[in-house]
Amino acid sequence: MRKSILFCFFAMLSLMVSAQSLSTVQGKVVDNQTKNALPGVMVKIDGTALEMTTNASGDFNFTNVPTGNFIVVVSRTGYLTQNLPIVVAEGATLDLDVIALENDVAQEQADNLITLTENDLSDDGTGADVTSGLLQATRDIFLSRAAFDFGQAFFRVRGYDSQQGVVMINGVPMNKFFNGRPQWNNWGGLNDVTRNQELSNGLTASDYSFGGILGTTNIDTRAANYRPGIRVSGSYSNRTYGGRAMATYSTGQMRNGLAFTVSASRRWAEEGFIDGTVYDAYSMFASLDYKINENHTINATAMYSPNRRGSSTAITEEVFNLVGREYNPNWGFQNGEKRNSRVREIEEPIFMLNHFYESDDLSLKTSVAYQTGKVGRSRVFNQNAQNPNPIYYRYLPSFYLNQEDGPDLINAELARQQFIANPQMDWNFFYQSNLREDGNGQSVYVLYDDRNDDTQLTFNSVLGYQANDNIKFNAGLNFRNLKSENFAQLNDLLGGTFYRDFDAFSNTSNNLGGNEIKMVGDRFLYNYEIDANNFDMFSQLQFSYNKLDFFVGATYSYTGYQRNGLFRNEQFENSFGKSDKLTFNNAGVKGGLTYKISGRHVLTANAAYLTKAPTLRSAFANARVNNDIVPELTSEKISSFDASYIVRTPKVKARLSGFYTQFKDASEVSFFFTDGLALAGFNEDLTDVTQDFVSESVVGIDKLHVGGELGVEVQVTPTIKVSGVAAVGQYTYTNNPNVYIASDEIPTVGLGSAKLKDYRISSGPQRAFSLGIEYRDPKFWWIGVTGNYLSNNYTDVSAIVRTDNFFLNPDDPDGFPFPEATEEAARELLKQDELDNFYLVNIVGGKSWRYKGAYISLFASINNVLDETFRTGGFEQSRAANFRELSQDQANGTPSFAPRYFYGFGRTYFVNLAVSF
């Protein structure tokens, strides 16, 4: 029966394909300024599956073109795309002669995307994320606007986390085991050599991977594919860094078969737009090709981008009203200089050896990659001493306004004055506390790093086979092995001479049997290893005919995790030794159809179903101190569908898309201090535990993302282009997932379900609109202005306050609920906070010219021209865990445990001057 159905299906397809005499289209692509041939240019005949890259001489030649009206799209990173309308006569040869591509100065905007994706908002445990960096290779007007204009507001395409997109370098996946996201800092500052990118958007087919529902981006670092010559550039900005210097040299393909490219950059700032955010980064890159013959090429690539950055954090509205959006509590003055306590350091060099085999109908790309290094996040730790955080709730006016006996206005005013006068971290106080006369040199305040030292080995191979003019086959396999060391490391005793490593509250050892006396460089608090392995493979068939293209793909993967505790924490029986091994077998299928109404009007539809292993971050309940596995842990299930209508004419380019995606059985792990627990109703042995620092596991999360996208670009005149973009989405929780908590005093206990159904997901603005106009002068200067409106952004809701625990009175021995805790009152109290809508106006422009054989380009941008104050996201705090405590906290209008918000940058600028020889 299955064979009969397949036979009928392909028979029907064959009837749709009309027999025609095929024709030839050929041409040559050169640089508009130098007139040199351009190899590696993508040439595509829209409305067909025909595409190829130009050879070393810049030539292309299609020999199987059907008759009709089409548009030839000629594109290469760093150049403006050309769209050439053609009419192909039956059996004829159409010579397009020389096609000259103009340099695209606007590519410097890509630097802004890497800056955004380097932001370490996730250090606060909120999972803040941005997908803009995935889109810098796109020519789609909607995706381009989403990246360059909406990205500063942390807009996510379709509301997806960046772990839903696959980022690859030479076919090697760069997404991390820990959170599934790419670590952009590993190649930050290497803009010149990471611009050769190929993006497969959304569910469309990729030649390199099965991909994620957000798409696949592959960065090509082959030395022969870079433009020969020298390029030096300098940038000046007030965003995350103040200055950048970059230099790149590439030989191009030489006669002896060799080609090499080197690049280096330096980025620095004493502080960025946010106070106290030091920036210190170096970047180095080298790529060497050896072309053995016409079919075989070997490449070696190395990149190293050590960087050190001071981070900021989310703040409450109370703090914002006192000190403004540029405030950062993480720094303080020491000896007259700003010192940030939360510094993130990343040193993870990447080494690759790649082999490329390419013939007329077969390609095989094989890579071995090795990455090692460290990621450190510093913080001040106090042992049984005053909280070092200047925005600790007891230091703010709201603490006195929310007293049980009524507002203490006098002390609230004193607290306000004290905070405004001294809003920063007090380093001198830490030193004085450690040098006290009765301390014997023992530090009660120390500065330490949370360290992740990863070593990963990857093998990857991808096959491409063009069976005939209509059928293309891709297959690939990938294996990754990770050895991850995770520990806390002392890096400054802050005036003391030693630190005693024990838990001051329970008077227990963090490493039973180990030496409690710790010095700078020692590991303390926690110490464990993670072993992770992943194997995946995919296959894909692509069919292309005159009126219809379609593809089908499938994937299988295996993922395994195991923790090995190296400290024997006295509070946890299972802290030491190896955990149970977690294994996940996953699979996925996807397919798509493209129906060509004509060469200029196209309909597409794509669908996918896949399962994904949980990330390391959401697999262990509290990996720092024990081997506990998240309860009910299983693979996430994703079902996704999208459809588009695409128009591409010489003057109008447009895409209208709709999408529908379901996520099921996701899991999330977070950590926080909570007060007001009533655990007797869940475990009778926990009657006396009402507050603690807990790990929270939320499991079985279901979500729905549905919406539409529109992008229109109109070439009104040869020099004026107008554009419009709209994104309308609704991203919601669709069930009530289960919640578990655990701590040193609380064995894993289930709190039942959290009533999250119909709450909005915190994923950036769910609606965004933009209008733009661009003028491009024939004398090689241009300017563009966009006006953007973003709305429907929501805070991330707390799960624990939406469980049954919220209604229970911890002081009632029978565990009865609060009498005043009605469903209606709780609904009002737990109403999700919608952030204010806002407008953003951005201006970009540039100029390019030639001078004595050199090509000079100037690019400048001003973001948020009107200096709008806006919030990019936020999250509810989980400190007040029951109805009465939360009600009392909110009674006076200035809650101590209000949501915390991230604020976007005000008016910022970026200027880049580059010279190429």
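Predicted model: local features only at pLDDT ≥ 70, side-chain atom pairs only at ≥ 80, totals over all residues.
Modeller: Contact means heavy atoms within 4.5 Å. Residues are numbered from 1 along each chain as its sequence is written, and side-chain values use heavy atoms, with hydrogens and water left out.

Biologist: What is the mean pLDDT of the chain?

Modeller: Of the chain's residues, 94% reach 70 or more. The mean pLDDT is 90.

Biologist: Is phenylalanine 769 buried, exposed or partly exposed?

Modeller: Strands (E, at least two residues) and helices (H or I, at least four) are DSSP runs, numbered from the N terminus. Phenylalanine 769 lies in strand E42, residues 767-777. Buried means under 20% relative accessible area, exposed over 50%, and partly exposed in between (1.4 Å probe, protein chains only). At 32%, phenylalanine 769 is therefore partly exposed.

Biologist: Which phenylalanine does phenylalanine 769 touch, leaving aside neighbours within four places in sequence?

Modeller: Its contacts include Val725, Ala726, Ala727 and Val728. Gly787, Asn788 and Tyr789 are also among them.

Biologist: How many residues does the largest nonpolar core have?

Modeller: A nonpolar core is a set of buried Ala, Val, Leu, Ile, Met, Phe, Trp, Tyr and Cys residues joined through side-chain atoms within 4.5 Å. Leu679, Ile741, Ile746 and Phe806 have the most contacts inside the largest one. A second, separate core of 27 residues includes Phe177, Tyr561, Leu616 and Ala621. The residue count of the largest core is 60.

Biologist: Which glutamate does isoleucine 741 touch, not counting residues up to four places away in sequence?

Modeller: Isoleucine 741 touches nonpolar residues, including Leu677, Leu679 and Val694. Ser695 and Thr748 are also among its contacts.

Biologist: Which residue in E4 is the bridge partner of glutamine 26?

Modeller: Strand E1 covers residues 23-31. E1 and E4 pair in the antiparallel sense over five bridges. In E4, the partner of glutamine 26 is asparagine 61.

Biologist: Which glycine takes a positive phi in the hairpin of E2 and E3?

Modeller: E2 (residues 42-46) and E3 (residues 51-53) pair antiparallel over three bridges. Lysine 44 stands opposite glutamate 51 in E3. The hairpin has four residues between its strands. The residue with phi near 90 degrees is glycine 47.

Biologist: What residue in E5 stands opposite aspartate 46?

Modeller: E2 and E5 (residues 68-75) pair in the antiparallel sense over five bridges. In E5, the residue opposite aspartate 46 is isoleucine 71.

Biologist: What is the relative accessible area of aspartate 97?

Modeller: Aspartate 97 lies in strand E7. Its phi is positive, about 60 degrees, although it is not a glycine. Most residues other than glycine have a negative phi. Aspartate 97 is exposed, because its relative accessible area is 52%.

Biologist: Which backbone nitrogen lies 3.1 Å from a polar side-chain atom of serine 206?

Modeller: Serine 206 sits in the loop between strand E10 (197-201) and strand E11 (215-219). Serine 206 is buried, with a relative accessible area of 1%. Its contacts, not counting residues up to four places away, are Ser200, Thr216, Phe538 and Gln540. The nitrogen at 3.1 Å belongs to tyrosine 208.

Biologist: How many of the eight residues of helix H3 are buried?

Modeller: H3 covers residues 141-148. Among the buried ones are Ile141, Phe142 and Arg145. H3 is largely enclosed by the rest of the structure, because the buried residues number seven.

Conventions. pLDDT = per-residue confidence, 0-100. Pairing = 2+ DSSP bridges. Polar contact = N/O pair within 3.5 Å; in protein donor to acceptor, adjacent residues only side chain to side chain.
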